[in-house]
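Dear colleague,

Please find below the sequence and the structure for your review. A summary of what was found follows directly after them.

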Amino acid sequence: MTDKHHPPTFRVESNSAFRTNSVGLAGVPFPLAAEVFERDGVYGIGGAAVRAADLVDVLEAFAQPVVTVQSLGHYWFDPEDHREWTPGEIARDQGVEAEAHDVTWAGHSELLVLRRGDLGRFLAELYPYNIAVLDAPGPVSAAAADEMALAVGTSGPDTSVLQELPDAGLYFSGHDDCYFHVESRDPALPVRVFARLLTLAAGAALLVDDEAVTVVEPHSELVRAILARSAHWSGPIGEPEPDGTVRLDLAAGKWRLGTRLPARADLSARYDPTTGRWHLAEPEAGIGTEPGTGHRAEPGAGSRPEFDPGPGPDANPDLTF
């Protein structure tokens, strides 16, 4: 279910990217980081920390009938001769029907073509440290596979892969099963991915001894209200409040590995696991994060009012869902 009365849920596992990745010698949990962008009709989002497997259902929802996998880095080896398996061998072992194109000229062995609905099965227990996924409207020829490999291999931080491939409508790139970059021709995609990012962050905060926890995803209107304030957000993964709720303090700014988190939060996204409701509020004055640590700074005096972006097509005035 995906409407307001039956909001979608997602199962956050203990091996999610926020739980398995850390920053610095102190082992501080990896922070949430996201940057939303639009480039000539291509809409995207990039940041951390997300496993490819945690976005499969979102990718399948926006992809065309066929998806391709390339630039695959993984840890699956043949048990007898200890060589690294090719993507085609992994597909066979996973029970996924796929076609393989030789793209060794591009620096990796194969570009794999499979049905959109088989992407999740292909990625099951794979945990790739590098992967690129592109969709296609139908069968992929050898020439088209070369074009895809070229577009991915020559892409840069300020370029769009989809701009080079007019028939493709979705592109996903993942590194270390943590950093991600997604592009689509549908402006709803960044909203869906940001919602999943908040869901994973809340789940990571709630997981203590459990193997997994189910979290209700925030409504798209709440996410749009966040993105209306800034296209760049970052914040630490904290711990549940004494009442059991989760508070994700977010700063309107970019974050990169090796840089400090902003010292103050600009907005709080709050989740109540008992009711499954999300709420946006301005953070209490003085409540933020100690730079680079992910720990909240000492509180100061006073507080800010609730954040209200005003009524509109993409924002609910009460900001509680």
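To begin with the sheet, β7 and strand β8 (residues 110-115) run antiparallel and are joined by five bridges. Within this pairing, Ala-98 stands opposite Leu-114 in β8. Helices (H or I, at least four residues) and strands (E, at least two) are DSSP runs, numbered from the N terminus, and two strands pair if DSSP finds at least two bridges between them.

Please note that the model is predicted: local features need pLDDT of at least 70, side-chain atom pairs count only at pLDDT 80 or more, and totals for chains, interfaces and linings use all residues. Residues are numbered from 1 along each chain as its sequence is written, and side-chain values use heavy atoms, with hydrogens and water left out.

The two strands belong to an open sheet of nine strands with antiparallel pairing, in the order β7-β8-β6-β9-β10-β11-β5-β4-β13. Its edge strands, each pairing on one side only, are β7 (98-102) and β13 (232-235). On average, neighbouring strands of the sheet are turned by 15° against each other, direction ignored; the axes are lines fitted to C-alpha atoms, for helices over the stretch in contact, and angles run from 0 to 180 degrees between N-to-C directions.

Ser-230 is found in the loop between α8 (220-229) and β13. Its relative accessibility is 12%, so Ser-230 counts as buried (buried means under 20% relative accessible area, exposed over 50%, partly exposed in between, with a 1.4 Å probe and protein chains only). The side chain of Ser-230 makes a polar contact with the backbone oxygen of His-232 at 3.0 Å. Such a contact is a pair of N or O atoms within 3.5 Å; within protein, one must be able to donate a hydrogen and the other to accept it, and residues adjacent in sequence count only if both atoms are side-chain atoms.

The count of salt bridges (a side-chain nitrogen of Lys or Arg within 4 Å of a carboxyl oxygen of Asp or Glu) comes to 13. One of them joins Lys-254 and Glu-35, at 4.0 Å from N to O. This pair links distant parts of the chain, 219 residues apart: Lys-254 is in the loop between β14 (246-250) and β15 (267-272), and Glu-35 is in strand β4 (residues 32-39). Another is formed by Arg-115 and Glu-97, whose closest N and O atoms are 3.4 Å apart. Because Arg-115 lies in strand β8 and Glu-97 in the loop between α3 (87-93) and β7, this pair ties together parts that are 18 residues apart in sequence. Arg-115 is partly exposed at 46%, while Glu-97 is exposed at 57%.

There are five aromatic pairs (rings of Phe, Tyr and Trp, its six-membered ring, with centres within 6.5 Å; planes under 30 degrees apart count as stacked, over 60 as edge-to-face and the rest as tilted) in the structure. The ring centres of Phe-30 and Tyr-179 are 5.7 Å apart and the planes stand at 80°, so this pair is edge-to-face. Phe-30, in the loop between β3 (28-29) and β4, and Tyr-179, in strand β11 (residues 179-184), are 149 residues apart. Phe-30 is buried, with 3% relative accessibility, whereas Tyr-179 is partly exposed at 25%. Together with Trp-255, Phe-30 and Tyr-179 form one aromatic cluster.

Kind regards
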